[in-house]
Amino acid sequence: SEKGEGVEVVKNEPHEDPVHGPGQFTEKRVHLSSKLPSWARAVTPRIFYITERAWNYYPYTITGEPRCSFLPKFSIYIETKYEDNCGDSENIFHSDKILGDHEVSFLDIAFDEIPERYYRSLEDPRFFSSAKTGRGPLREGWRQHTKPIMCSYKLVSVKFEVWGLQTRVEQFVHKVIRDILLIGHRQAFAWVDEWCDMSLEEVRAFETQMQVATNQKLGNQHP
């Protein structure tokens, strides 16, 4: 987050679900105007944001009900499940959403390419070695041979019901989400020494600290 754009945290609070039990609810506003490609900026207001709501009931999470400040027919829905395997579970979501047109992608945090502007050598799993856990660096074939290992499964649905732009926007959003997931999970691995000893209470305190700092960069503050 910088120069009035980025992620503004509006809510971060405990939440109880009758099916999934206790979890955490977050609401964020993602201010994006200058981050869009030129063809998208041509059809959007100068200032706009997307509201993102997420429910974390680990090992199951939902990111959904996003609302764009000027596009009512735009939606993104992401379901996540975590399993202790290397990504070999079939139809883990047991959902009729994936019976239609869909694509299965395997993301390799070590060897898949990321946009050059986001590359940091200290966050490269091919070279990182954890002092606390002894994990890393990740070599070719790491997914088949590394123990312990966890896979994050994502079911991503994108809809943009605007004639003439639907396919282009949906493909663009899927590409952006893929890059975000790849970069985020690379960082989670490379930052393991910073968080592996944290209690849940320490995680919540850190989230609050970062929420204040991030919102100040955007010029917004919420209790």
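Pro-148 sits in the loop that runs between helix 2 (142-145) and strand 6 (151-160). In this predicted model, the peptide bond leading from Lys-147 into Pro-148 is cis, with an omega near -5 degrees. A cis peptide bond also links Tyr-58 to Pro-59, here with omega at about 10 degrees. Pro-59 belongs to the loop between strand 3 (49-57) and strand 4 (60-68).

Asn-91 is not a glycine, yet its phi is positive, at about 45 degrees. For context, most residues other than glycine have a negative phi. Asn-91 is placed in the loop between strand 5 (74-83) and helix 2. With a relative accessible area of 35%, Asn-91 counts as partly exposed, because that value falls between the limits of 20% for buried and 50% for exposed.

Helix 5 covers residues 200-218, a run of 19 residues. Buried residues in helix 5 include Gln-211, Thr-214, Asn-215 and Leu-218. Viewed down the helix axis, the buried residues of helix 5 fall within an arc of 95 degrees, so they line one face of the helix. Strand 1 (6-17) and strand 2 (21-31) are among the elements that cover these buried residues. The other side of helix 5 carries Glu-201, Gln-209 and Lys-217, which are exposed.

Key
Residues numbered from 1 in each chain as written. Predicted model: local features only at pLDDT ≥ 70, side-chain atom pairs only at ≥ 80, totals over all residues. Heavy atoms only, no water. Helix = DSSP H or I, 4+ residues; strand = E, 2+ residues; numbered from the N terminus. Expected span 1.5 Å × (residues − 1). Buried < 20%, exposed > 50% of the residue type's maximum accessible area, 1.4 Å probe, protein only. Arc of directions from axis to C-beta. Contact = heavy atoms within 4.5 Å.
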